[in-house]
Amino acid sequence: FPVTIIGGGEENYCLTNAKNMADQAGYGVISGWLSLPSKYTSGSAQKQFTQHWWNYDRNQKRYLDFSPSIDEGAVYIQDIDVAEYIIAHGNRLRSHVASSVVMKNDSFYIIDYDDIGYKYQPARDLSNEMIFLFQSMG
């Protein structure tokens with residue numbers, strides 16, 4: 001499904017951007033992932049999937065993204081399981097945006113950033129519990 005990138009929101013605040021547009025214009029909020037273009041270095045490939053939120057205009061029947069700086073060539077993947085996980089467990093999460101997932105050399109890693117810097121950990125699986133590991137409050 002095509003997504004029209006509009007921009008104008010705040011960088012690194014995709015959920016806030018999507019919620020603001022839902023409040024202002026009555027758009028639906030969509031959960032999913034951005035599949036970023038692969039990177040190749042020293043004979044190895046790396047693929048990153050960044051959890052992301054965007055909007056759906058019910059009247060125009062089109063998807064819109066108000067977040068800035070979306071990588072050219074990024075592919076949007078809708079994932080309702082993320083939203084359902086947040087509805088069920090949101091009170092135990094520091095953030096409602098999951099860690100990014102990186103596939104490198106046939107292994108998966110979760111990556112997150114906070115005030116201290118980057119956190120990087122091998123992912124034993126790709127469950128919601130794993131991708132929200134750094135956001136969990138205990």
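## Nonpolar cores

The largest nonpolar core of this predicted model holds 18 residues, and those with the most contacts inside it are Trp33, Trp53, Val82, Ile86, Ile110, Ile131 and Phe132. A nonpolar core is a set of buried Ala, Val, Leu, Ile, Met, Phe, Trp, Tyr and Cys residues joined through side-chain atoms within 4.5 Å. Buried means under 20% relative accessible area, exposed over 50%, and partly exposed in between, with a 1.4 Å probe and protein chains only. Two or more residues of this core come from each of helix 1 (14-25), helix 2 (80-89) and helix 3 (128-131). Helix 2 gives the largest share, four residues. Helices (H or I, at least four residues) and strands (E, at least two) are DSSP runs numbered from the N terminus.

A second, separate core has nine residues, including Leu36, Trp54, Ala74 and Tyr76. In soluble globular proteins, nonpolar side chains tend to be buried together.

Residues are numbered from 1 along each chain as its sequence is written. Local features need pLDDT of at least 70 and side-chain atom pairs count only at pLDDT 80 or more, while totals for chains, interfaces and linings use all residues; side-chain values use heavy atoms, with hydrogens and water left out.

## Helix 2

The buried residues of helix 2 include Val82, Ala83, Tyr85 and Ile86. They cover an arc of only 160° around the axis, so they are on the same side of helix 2; the arc is taken from the directions from the helix axis to the C-beta atoms. Among the elements that cover these buried residues are strand 2, strand 4 and helix 3. The face turned away from the buried side carries the exposed residues Ile80, Ile87 and Ala88.

## Pockets

The largest pocket contains about 1200 Å³ of space. A pocket is an open set of points on a 1 Å grid over the protein atoms alone, where a 1.4 Å probe fits, with protein on both sides within 12 Å along at least five of seven lines; lining residues have an atom within 4 Å of a point. Grid points are joined across faces, edges and corners, and a volume is the space filled by probe spheres set on the points. The lining of the largest pocket has 33 residues, with Asn12, Thr50, Val97, Asp112 and Tyr113 nearest the centre. Helix 1, strand 4 (44-57), strand 8 (107-114) and strand 9 (117-122) each give two or more residues to this lining. By class, the lining has 13 nonpolar, 13 polar and seven charged residues. Ala, Val, Leu, Ile, Met, Phe, Trp, Tyr, Cys and Pro count as nonpolar, Asp, Glu, Lys and Arg as charged, and the others, Gly among them, as polar.

The second largest pocket contains about 190 Å³. Of its 14 lining residues, Val29, Ile30, Ser31, Trp53 and Ala83 lie nearest the centre. Helix 1, strand 2 (28-35) and helix 2 each supply at least two lining residues, and the largest share, five residues, comes from helix 2.

## Individual residues

Asn12 lies in the loop between strand 1 (3-5) and helix 1. Its phi is near 70°, a positive value in a residue other than glycine, and Asn12 is exposed at 72% relative accessibility. Ser69, in the loop between strand 5 (62-65) and strand 6 (75-78), also has a positive phi, near 60°.

Lys104 is found in strand 7 (residues 100-104) and is partly exposed, with a relative accessible area of 27%. Leaving aside neighbours within four places in sequence, Lys104 is in contact (heavy atoms within 4.5 Å) with Ser44, Ala45, Gln46 and Tyr109.
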